[in-house]
Amino acid sequence: MLARKWAEEPPEHVPWRADGPKRRGGRRPLRTILVLAAVLAVVAFAAAPDRVYGWFSGSNTATADDPMVQPPVTGIATSVPSTAADRRNADPNRPTRTNPFAGSPAVNYADNEAGLTLPEVKSVPGYSAAEVTEALEVTRRLLIAGNLDREVLAGGRPTTFLGLLDPTDGAAARIENAVIANRSDGDNARSWLTRFDPKDVELVGRVVKVNGVMTYDTDREGTLTVHADFSFVYPVAKAGSGSGASVTRSVVRRMMETKVYRAPYQATVRGRVALGNVDADIANSSCTRLDGFVRPEFEDDLRGPSHAPATIDPYDRSKPIDADTDPGACPAVSRV
């Protein structure tokens, strides 16, 4: 439009002179200012029409296009609502797959075989220090084979455990029959071995926490007797469950005697031991499924409060097993 106008009516050239004569009237300077403003507007519109449009539309397009200019903050920042699983995993005292001993005194127990410590060795009447050492070491291997061997824990046959028992004693045959029969009446394999049903339960991680003591002496007949009293803490989850699945623990306390016989009895085979008294306390195992497996119960499966006649702490090792519990009772545990 300006180009056509200037072709028909060229603008008048006005020389600039600071000391020139004053022009008459006031219309010509105003027209010159308007022409210059129009030229600037045309140039600006050709370079950035959106920005020029924004000047007149009231929007701040220049600010929105500038990556260094941040929009104004409105409202209040909120966090993503947590799910029940998040709240459960956030509890520092609840066991998880990454921290299976959280909230348990077992966190300070030794790992696996390191917890099966042996006492200082001395000779006893009728047995040399070397014989005492061998009896202690065989008993330790027996505890490992029956409570820490991964195949046995997964329900396998306790080959090593049976191989450490004196074959003339008769205990090996009883235990093997109990494992095969897997029944609740008569001999129960849980009396000697810790085994989980692999169809239902899997161990979490590679660590079992162990705490206890081993001593030795001679009994009234003069037979070398080793006394073992150890607690094993097993973190477990349901077989095939995912990373966020519920994790719990079973605590197995075993009190076991082993003996090395001499005349007038039939001598124990060298490198093996005979079983004396054995006892076990298994915390967090079903009171209704009493087969040869430890069967932990998970919090997700429990319904309502427990109505057990008594409550025990499986980590309290100050008393003998079942000292305050009626035979056949199935007390609840205060913690696992």
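Visitor: Which residue in strand 5 does Val 233 stand opposite?
Guide: In this predicted model, strand 4 covers residues 224–238 and strand 5 covers residues 247–260. The two strands run antiparallel and are joined by 14 bridges. Within strand 5, the residue opposite Val 233 is Val 251.

Visitor: Over how many bridges do strand 5 and strand 6 pair?
Guide: Strand 6 comprises residues 274–283, and its pairing with strand 5 is antiparallel. The number of bridges between strand 5 and strand 6 is eight.

Visitor: How many of the residues of strand 5 are buried?
Guide: Strand 5 has 14 residues and is mostly covered.

Visitor: Why is Thr 258 counted as buried?
Guide: Thr 258 is found in strand 5. Residues count as buried under 20% relative accessible area. Thr 258 is therefore buried, because its relative accessible area is 1%.

Visitor: With which side chain does the side chain of Thr 258 make a polar contact?
Guide: Leaving out residues up to four places away in sequence, Thr 258 touches several residues, including Leu 142, Val 226 and Leu 275. Thr 139 is also one of the residues touched. The polar contact, at 2.7 Å, joins the side chain of Thr 258 to that of Thr 139.

Visitor: Which element gives the most to the largest nonpolar core?
Guide: The largest nonpolar core has 45 residues, and Phe 161 and Ile 175 have the most contacts inside it. With eight residues, the element that gives the most is helix 6.

Visitor: How many residues are in the other core, which includes Phe 101?
Guide: This core lies apart from the largest one. Its members include Val 233, Ala 283 and Tyr 315 as well as Phe 101. The number of residues in this other core is seven.

Visitor: How far from the centre of the ring of Tyr 127 is the charged end of Arg 262?
Guide: Elsewhere, the charged end of Lys 209 sits over the ring of Phe 101, 5.6 Å from its centre. The charged end of Arg 262 likewise sits over the ring of Tyr 127. For Arg 262, the distance to the ring centre is 4.7 Å.

Notes. Residues numbered from 1 in each chain as written. Predicted model: local features only at pLDDT ≥ 70, side-chain atom pairs only at ≥ 80, totals over all residues. Heavy atoms only, no water. Core = buried A, V, L, I, M, F, W, Y, C linked by side-chain atoms within 4.5 Å. Buried < 20%, exposed > 50% of the residue type's maximum accessible area, 1.4 Å probe, protein only. Helix = DSSP H or I, 4+ residues; strand = E, 2+ residues; numbered from the N terminus. Pairing = 2+ DSSP bridges. Lys NZ or Arg CZ within 6 Å of the ring centre and 35° of its normal. Polar contact = N/O pair within 3.5 Å; in protein donor to acceptor, adjacent residues only side chain to side chain. Contact = heavy atoms within 4.5 Å.
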